[in-house]
Amino acid sequence: MKALWIIGGILLLLVLLSLVRVGAVLSFGEELRIRLRLGPAKLTLLPRPPKKDRPKREKKPKKQPTDGEKKPKKKAPSITARDILDALPALFESLKAGLRKTRRRLRIDPLRIAVVLGGDDPADVGELYGMVSAAMYTVMPQLERLTYMPDPRIHLEADFTAAQTRAEGTVGLSLQIRDLFAIGWAFGRPLLRWFLHFRKNSAARAAQTPPNRFRRRAAERREGRVLTAH
């Protein structure tokens, strides 16, 4: 009987913990600020408070590996912009599936973003403005339907005289802990599938690309032919 009471108490505690709201507020622009919230507790993650000066300890010299101990480092596959664009539709659909399970318990407040697009080429700025505008008008109605967003304010414009893009704003997110598991479960599986597919394609591209030494030898042979011809 006592064991049942213990199990029931643990289950009740887990249920109560799953109902606790957690959140974060991100402010960016001139300075990056990140504040976290766990129930009534609040924590400022950035900017970090200044550290107190402490006496520095002498670091022991690291043992340098010999030539026989050196191991070649494997380069991690690089993610290109095309890889990200290919993944966005499936990932967004998965995110929407996770948000449906939260039943609008995800609160986005405040939401104040101002973006001024700039660049060296006015044609590129105009093209980027069209792409960002289309994405915003596609995503925002879906988010307003699936989340609680009381007062969204997003300003987007193109400045053809600006050399760089400027952005500033404040975004706050809060949800219950159980909603994190719902979103993670819906979002994690497609993300894992995309990552495995990306690694497979990266390995195939690497197999098709000849090693650097072969390319170097081919270039040396071409240079030798040119010198011989002269």
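Arg-104 sits in the loop between H2 and S4, where the labels H and S follow the rule that helices (H or I, at least four residues) and strands (E, at least two) are DSSP runs, numbered from the N terminus. Phi of Arg-104 is near 60 degrees, a positive value in a residue that is not glycine. At 44% relative accessibility, Arg-104 counts as partly exposed; buried means under 20% relative accessible area, exposed over 50%, and partly exposed in between, with a 1.4 Å probe and protein chains only. Arg-103 is found in the loop between H2 and S4, and Arg-103 also has a positive phi, of about 55 degrees, although it is not a glycine. With 68% relative accessibility, Arg-103 counts as exposed.

The model is a predicted one, in which local features need pLDDT of at least 70 and side-chain atom pairs count only at pLDDT 80 or more, while totals for chains, interfaces and linings use all residues. Residues are numbered from 1 along each chain as its sequence is written, and side-chain values use heavy atoms, with hydrogens and water left out.

A cis peptide bond joins Leu-46 and Pro-47, with omega at about -5 degrees. Pro-47 lies in the loop between strand S3 (41-46) and H2. Another cis peptide bond joins Asp-109 and Pro-110, and here omega is about 5 degrees. Pro-110 has its place in strand S4.

The overall layout comes next. The protein has five helices and six strands. Read from the N terminus on, the elements run α-β-β-β-α-β-α-β-β-α-α. Of the 230 residues in the protein, buried residues make up 20%. The protein exposes about 19,000 Å², and carbon and sulfur atoms supply 61% of this area; accessible areas come from the Shrake-Rupley method with a 1.4 Å probe, and for residues only the protein chains shown count as cover. A contact means heavy atoms within 4.5 Å. Among the contacts in the protein with a separation of 6 or more, residues 24 or more positions apart account for 75%.

Pro-122 and Phe-160 are 38 residues apart in sequence and 5.4 Å apart in space, C-alpha to C-alpha. Pro-122 is found in helix H3 and is partly exposed, with a relative accessible area of 43%.

Salt bridges also join residues through their side chains. A salt bridge is a side-chain nitrogen of Lys or Arg within 4 Å of a carboxyl oxygen of Asp or Glu, and by this rule the count comes to five. In one of them, Arg-105 pairs with Asp-179, the closest N and O atoms being 2.7 Å apart. This pair links distant parts of the chain: Arg-105 is in the loop between helix H2 (81-102) and S4, Asp-179 is in helix H4 (residues 177-208), and they are 74 residues apart. Is Asp-179 buried or exposed? Asp-179 is buried, with a relative accessible area of 1%.

The side chains of Glu-31 and Arg-33 meet at 3.4 Å, N to O. Glu-31 is partly exposed, with a relative accessible area of 42%, and Arg-33 counts as partly exposed at 38%. Asp-151 and Arg-153 form a salt bridge at 3.1 Å, N to O. Here Asp-151 is partly exposed at 40% relative accessibility, whereas Arg-153 counts as exposed at 51%.

The last topic is empty space. Rolling a probe the size of a water molecule over the atoms shows where empty space is left. On a 1 Å grid over the protein atoms alone, a pocket is an open set of points where a 1.4 Å probe fits, with protein on both sides within 12 Å along at least five of seven lines, and lining residues have an atom within 4 Å of a point. The largest pocket has a volume of about 440 Å³, where grid points are joined across faces, edges and corners and a volume is the space filled by probe spheres set on the points. Of the 16 residues that line this pocket, the closest to its centre are Met-136, Val-139, Met-140, Leu-143 and Ile-154. Two or more lining residues come from each of strand S4 (107-117), helix H3 (122-146), strand S5 (152-158) and strand S6 (166-176). H3 gives the most, with six residues. By class, the lining has 16 nonpolar, no polar and no charged residues; Ala, Val, Leu, Ile, Met, Phe, Trp, Tyr, Cys and Pro count as nonpolar, Asp, Glu, Lys and Arg as charged, and the others, Gly among them, as polar.
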